[in-house]
Amino acid sequence: MKFAITPMPWPNLIDLLNEHGFTQTELEDADFLVFNGSPKQFPQLPDNIKWVQLCLAGIDGFEKAGVVDPAKRWASARGVFGRTVAESAVALLLAQLHAHKKVSSWEDRPELEETTGWLHDKTVAIIGAGGIGRDLIPMLKGFGCHIIAVNNSGRPVEGADETVAGADGVWPRADYFILAAPLTDATYRMVNADTLAQMPAHAVVVNVGRGPLVDTEALTAALADGQIAGAALDVTDPEPLPADHPLWGMPNVVITPHVANTSERIQTLMAPATLANAKAFAAGEDMPTELIPGRGY
C-alpha cells in the first residue's frame, strides 16, 4: 500500500512505514493519508484515498469543519497519548496541591503549611476513563488514592475501585476531578455552575481533556468565591486564554499551554500507532484506533 503524509513530513513515521513495506507517494497516488495538521489545512481528498489517519485524539474540530467524509474510513490517535497525558495530569494535580505557584521565598512557608493538599487517602474521579484513564489509574494508585472511573457504559475499568456510568452523583463524592473526556454534545461544559456547586470546598479540577469541557466563567467565579479550592488546566476555553484573564493571576490555579502531550511525543508515538492501523487495514480488519464519524472520538 502507498501513503501520503501532509502537511508536515515526520521522518520517523515515514521511515517506519517504509521499513514495513508501505511506500510514500503523492496524495493523488496514495491509498491512505496521514494528516498531521489543522482542520483548515485539510486537503480535498481524491477518490483513491481509502482511509485517513488523523494525529489527534479529539477530532471534533475536523467534524465541525465538515472534512470527515463518512464514505471513507478514519483513524484517530485515541488512546495513543495516554501515558504522556496521564503523567502531565498527575504533575498538574501535584503542582496545585503542593502550591508550587505560591512559593517565592522562605517566608511563604506558613501559608503552605496551611494550604498544601495531599493525594493519600483522597478520592479521585477520572471523568472519561478511556486510554488516559487506564494509564492514570496505576500512577494514582501509588499515592494511595480511591479511584472512581467514570465512563459511558459503566463497564468496570481495570484498577479502579469503582466504575460508574456518567458523572451524575460523582461531583459531591470526590476530592479531586481529572477531566479526560472527549468533547461531545453531552460533555460540553460538563463542569458548570451546577456541578461546581456540588463539589466539596476542598475540590480541585484538573482538565487535560478539552477546553470546553469546563464553563470557564463558572470556574473562575467558583474559584474567586472560594467555592472550590483550585484548578489545574492544560486546556482552556478560549484557547489560548487571554493574557489578562483572571485565572492567570489566581495563586490556586496552575495553567500550562496545552503541552500535556508535546510535539516530540506526538511524532514518536504516532509512528507505531499508524503502522498498526495500516497493517490492520491491509489485512481487512478493524483498525485499533478506528473512529466512528459523528461521535467526536
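This is a predicted model: local features need pLDDT of at least 70, side-chain atom pairs count only at pLDDT 80 or more; totals for chains, interfaces and linings use all residues.
Figure 1. Residues are numbered from 1 along each chain as its sequence is written, and side-chain values use heavy atoms, with hydrogens and water left out. Helices (H or I, at least four residues) and strands (E, at least two) are DSSP runs numbered from the N terminus. Helix α3 is mostly covered, with 12 of its 16 residues buried (buried is under 20% relative accessible area, exposed over 50%, partly exposed in between, using a 1.4 Å probe and protein chains only). Among the buried residues of α3 are G82, V85, A89, L93 and L97. After α3 comes A99, which has a positive phi near 55°.

**Figure 2. The five-stranded open sheet has the strand order β2-β1-β3-β4-β5 and parallel pairing.** Strands β2 (23–24) and β5 are the edges; each has a single partner strand, so one side of each lacks a neighbour in the sheet. Two strands pair if DSSP finds at least two bridges between them. Strand β1 (residues 2–6) runs parallel to β2 and is joined to it by two bridges. One view of this pairing is K2, whose bridge partner in β2 is T23. Helix α1 packs on the sheet, touching β1, β2 and β3, and its direction makes about 180° with that of β1. Helix α9 also packs on the sheet, where it touches β3, β4 and β5, and its direction makes about 165° with that of β4. Contact means heavy atoms within 4.5 Å; axes are lines fitted to C-alpha atoms, for helices over the stretch in contact, and angles run from 0 to 180 degrees between N-to-C directions.

**Figure 3. Helix α9 (residues 263–282) bends by about 30° at M270.** The bend is the angle between axes fitted to the seven residues ending at a residue and the seven starting there. The 20 residues of α9 should span 28 Å at 1.5 Å a residue, and the end C-alpha atoms are 28 Å apart, which agrees. M270 is itself one of the buried residues of α9, which also include I266, T274, L275, N277 and F281. The buried residues of α9 pack against α1 (11–19), β3 (32–35), β4 (51–54) and β5 (73–75). G284 follows α9 and has a positive phi, near 75°.

**Figure 4. F22 sits in the loop between α1 and β2, and D15 is found in helix α1.** F22 has a relative accessible area of 6% and is therefore buried. Apart from neighbours within four places in sequence, F22 is in contact with M1, F3, L17, F32, L275, A278 and K279. Of these, L275 and A278 are among the buried residues of α9. D15, with a relative accessible area of 43%, is partly exposed. Computed along the chain, D15 and A271 are 256 residues apart, yet their C-alpha atoms lie 8.9 Å apart in space. F22 and I148, by comparison, are 126 residues apart in sequence and 42 Å apart in space, C-alpha to C-alpha.

**Figure 5. The seven-stranded open sheet has the strand order β8-β7-β6-β9-β10-β11-β12, with parallel pairing.** Strands β8 (162–165) and β12 (253–255) are at the edges, each pairing on one side only. From one strand to the next, the twist averages 15°. Four bridges pair strand β7 (residues 146–151) with β8 in the parallel sense; V150 has V164 as its bridge partner in β8. Helix α5 (residues 131–141) packs on the sheet and touches β6 (123–127), β7 and β9 (176–179). The direction of α5 makes about 170° with that of β6.

**Figure 6. T216 lies in helix α7 (residues 216–224), within the stretch 96–260 that carries a UniProt annotation.** At 10% relative accessibility, T216 counts as buried. Leaving aside neighbours within four places in sequence, T216 is in contact with D237, L241, H245 and L247. An unreviewed UniProt entry places the feature "domain: D-isomer specific 2-hydroxyacid dehydrogenase NAD-binding" at residues 96–260; UniProt positions are in the numbering used here, feature names are shortened, and annotations may be inferred rather than shown by experiment. Over residues 96–260 the chain is 24% helix and 18% strand, with the end C-alpha atoms 15 Å apart.

Conventions: The expected span of a helix is 1.5 Å times one less than its number of residues.
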